Amino acid sequence: MPPKAKVFAVLLAAGSGTRMGQNKIELSFGGKTPLRLSYEAFQNSGNPPERTVIAVSDAVRPQAEALAAAEENVFVVSGGATRGASVYNALSFLKETGVKDGIAAIHDAARCLVTGAVIDAAVAGAALHGSGIAAIPVRDTVRDGAGNDLPRDTLRLMQTPQAFDFGLIYSAYCEAKEKGLNATDDCAVFRAAGHAPCFTEGSIMNQKLTYPEDIPFFRAVLEKTAPCIGYGEDTHVLQEGRKLILGGVDIPYEKGLLGHSDADVLCHALTDAILGAAALGDIGRHFPDTDERYRGISSLLLLKEAWALAAQKGFAFGNADVTVVAQRPKLAPHMETMRGNIAAALGVALERVSIKATTSEKMNDEGAGKCITARAVAMLLH
């Protein structure tokens with residue numbers, strides 16, 4: 001058989017999900033289902049299939065048919081009551097549609113962390129030896145129910161894909177059907193037909209999505225954290241008779257900032273930056289100056305509430321950088337206290353918060369002492 005034999009992928013997606021407690025093939029990891037991830041793994045391997053046949057339950061059929069409509073050479077067949085019945089249905093479809101030789105690579109769609117290297121090794125094994133069955137050595141001590149040690153050096157943990165010469169595995173499944181053999185994997189069917197299996201290199205990462213406890217692991221691997229950047233800017237007029245509050249610090253000065261709340265322009269700019277990074281609108285949407293609940297309120301509380309809204313959407317805090325533009329008063333003596341207030345309001349480490357101050361060299365309204373402006377950038381992780 002040539003090194004680049006024709007490959008036909010069989011993706012199994014007909015399980016009931018009893019142990020998961022829900023249909024695991026409908027779960028989403030980074031916006032993709034296990035079925036889509038498994039399909040893409042085969043397509044991106046060194047042996048992309050000529051055809052892909054998906055054996056499905058009724059629940060998964062709409063998803064599989066949508067995939068078949070969007071991609072070429074993808075076909076959907078009904079799964080059976082057992083894993084073996086689903087494989088038999090898929091192989092029979094290939095046989096009935098003209099497949100006579102090549103390699104059938106059978107894969108459980110719940111193993112959606114499979115890599116191209118594992119797929120290619122299985123296909124190469126099938127091309128050279130008639131079978132290529134992804135497996136890994138047992139790493140832990142194994143005992144039976146009576147406490148007796150099992151020789152782990154001779155044991156292997158079976159994975160998928162399990163790839164075979166098409167004619168051999170089709171005949172093996174026909175024989176298994178006639179004899180009523182119900183096996184848990186394709187290797188058992190292959191051996192029952194008198195063939196010796198060839199094991200190929202699997203991967204410890206090639207886990208099967210089975211229990212609810214598996215979900216965090218799959219999410220950690222598949223859902224890459226992406227930075228989301230938000231920008232905020234705010235200006236408030238300086239006026240006599242008002243307190244000057246910046247970063248939650250009451251700064252002695254002859255004027256203060258005018259506003260419905262305490263007019264903390266630094267907190268307002270950062271609040272807008274956080275809301276922007278989370279695509280949640282702006283400060284006016286959530287804390288309008290027409291609402292008496294916010295009259296005179298500490299803007300640190302508004303900042304804290306804005307961050308809570310972002311956190312509810314699944315964001316983690318990256319860092320924040322704020323620049324305050326003011327001709328007077330000098331803000332340097334208060335900078336560390338401001339940072340501490342902001343960090344405490346957000347519940348983050350001090351080093352995640354940067355606050356700087358600058359003047360406008362007596363230009364513009366800031367330079368004339370008419371107002372103070374703050375500009376902020378926030379990075380959230382999602």
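This is a predicted model: local features need pLDDT of at least 70, side-chain atom pairs count only at pLDDT 80 or more; totals for chains, interfaces and linings use all residues.
Is D186 buried or exposed? I looked it up: D186 is buried, at a relative accessible area of 0% (buried is under 20%, exposed over 50%, partly exposed in between, with a 1.4 Å probe and protein chains only).

Residues are numbered from 1 along each chain as its sequence is written, and side-chain values use heavy atoms, with hydrogens and water left out.

Back to D186, which I found in helix 6 (residues 186-192); helices are DSSP runs of H or I with at least four residues, strands are E runs of at least two, both numbered from the N terminus. Its side chain makes polar contacts with the side chains of R83, at 2.8 Å, and Y173, at 2.5 Å. For these I used N or O pairs within 3.5 Å; within protein, one atom must be able to donate a hydrogen and the other to accept it, and residues adjacent in sequence count only if both atoms are side-chain atoms.

Next, cis peptides. T160 and P161 are joined by one, omega about 15 degrees, and P161 sits in strand 8 (residues 156-165). I noted another from R328 to P329, omega near -5 degrees; P329 is in the loop between strand 14 (316-325) and helix 11 (335-346).

A263 has phi near 65 degrees and is buried at 0% relative accessibility. E361 has phi of about 55 degrees, but E361 is exposed at 61%.
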